[in-house]
Amino acid sequence: MKIGITTDIVDSTKYHKGVSYYIQYLVKKLAVMSDDDIYLIHFRHANNDIYKLGLNEIILGNSNSDFSKFLTSFRKRDLLKELDVIHTTAPRIPYFPFYSIPNVKKVLTVHAMDLYIPPWLRAKFYKQPKAWFQQKVFNLYFSRVKDKIDAYITVSHFLKEELIKNMDIPEEKVFPIHLAADEKFKQMNFEKPFNFILSDTPIPELIEIFYKLKKKGVLHKLVVFSMRGFGYKKAKEVAEKLGLQKECHFKGYVSEDELVKLYNTADVYIRLAGYEGFGLPPLEAMACGCPVVTTNVGSLPEVVGDAG
């Protein structure tokens, strides 16, 4: 069987995280485990390790923006018509033309709020004009192609229910498959730099909570990795306003190797999520033996269970 997998998210990601790692893990495992012919679908030559595994590549054209990728996909979709299956590894506008290719099975993996944004979060999301416009175009086009997709993979049972309830996707088309922490996330011995609380939720509320803890006599510092969500800049401003510049370390996106070290040397990891499609970092932290505190929303109770 000829299976095509979209991998351009790996190429265009400056800081690898969630979906990019998902694609890399998937391709590397299939290269070892599958006897099928795997084709990596992307838009330009790239040097990531997944392109050094000896798998087939279909390079559609040297495109960068989502709009130019969409046009390229539309013009070059005949290059994919000999495939048996096309797995689009996340909902993205450039992939929409693939869903109209006849006689090819289409599979889509959904990771989070790509298809459905909860009403309470829309106001915050739509404050960004570009995000608002992209989502409107996405919703309009997706409504026209969603029935052409043969199967949806969700990374949690929670997301499966979201698609069925809010996107009117037939239950028999949705298959939840949990993610897993990469095997490099494990307990290891590192020299501890200082006592610290670790979080990847850079929002003002986190800094305010930390400030209250300091007032109660907690001596730990706060280390924040990632820039996910909309609050990173505001969180740094709140830290400065409260005089916590030396107590809060904002590291931005970090490599996997550095993340393993952070999990292994932190005293506790905290995720203050308001909506979560899966939540891989809590799983990674637990694999490294780091205690986890997280909100009980979305898929997090499903992922963390009684271990948090």
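This is a predicted model: local features need pLDDT of at least 70, side-chain atom pairs count only at pLDDT 80 or more; totals for chains, interfaces and linings use all residues.

Beyond its neighbours within four places in sequence, L80 is in contact with I41, I58, L60, I86, F98, I101 and V104. In soluble globular proteins, nonpolar side chains tend to be buried together.

Helix α2 covers residues 18-33. Its 16 residues should span 22 Å at 1.5 Å a residue, and the end C-alpha atoms are 22 Å apart, so the two values agree. The buried residues of α2 are V19, S20, Y21, Y22, I23, Q24, Y25 and V27. What do they pack against? Their partners are the strands β1 (2-6), β2 (37-42), β4 (85-88) and β5 (105-110), together with the helices α1 (8-12) and α9 (256-265).

The whole structure has 13 salt bridges. In one of them, E256 pairs with K184, with the closest N and O atoms 3.2 Å apart. E256 is buried because its relative accessible area, 12%, is under 20%, whereas K184 is partly exposed at 31%. D257 forms a salt bridge with K184 as well, at 3.7 Å between the closest N and O atoms. D257 also lies in helix α9, so this pair ties together parts 73 residues apart in sequence. D257 is exposed, with a relative accessible area of 55%. E258 meets K251 in another salt bridge, 3.2 Å from N to O; E258 is partly exposed at 31%, and K251 is partly exposed at 37%.

On the surface, W132, F133 and V137 form a nonpolar patch with about 290 Å² of accessible area together. W132 belongs to helix α5 (residues 129-145) and is partly exposed, at 40% relative accessibility.

Two backbone angles remain. Most residues other than glycine have a negative phi. D168, not a glycine, has a positive phi of about 60 degrees; D168 sits in the loop between α6 (157-166) and β7 (174-176). S226, not a glycine either, has a positive phi of about 80 degrees and lies in the loop between β9 (221-225) and α8 (232-241). Is each site buried or exposed? D168 is exposed, at 61% relative accessibility, while S226 is buried, at 8%.

Methods:
Residues are numbered from 1 along each chain as its sequence is written. Side-chain values use heavy atoms; hydrogens and water are left out. Patches are made of residues with over 30% relative accessible area and no salt bridge: like charges are joined within 9 Å, nonpolar side chains (Val, Leu, Ile, Met, Phe, Trp, Tyr) within 5 Å. Accessible areas come from the Shrake-Rupley method with a 1.4 Å probe; for residues, only the protein chains shown count as cover. A salt bridge is a side-chain nitrogen of Lys or Arg within 4 Å of a carboxyl oxygen of Asp or Glu. Helices (H or I, at least four residues) and strands (E, at least two) are DSSP runs, numbered from the N terminus. Buried means under 20% relative accessible area, exposed over 50%, partly exposed in between (1.4 Å probe, protein chains only). Contact means heavy atoms within 4.5 Å. The expected span of a helix is 1.5 Å times one less than its number of residues.
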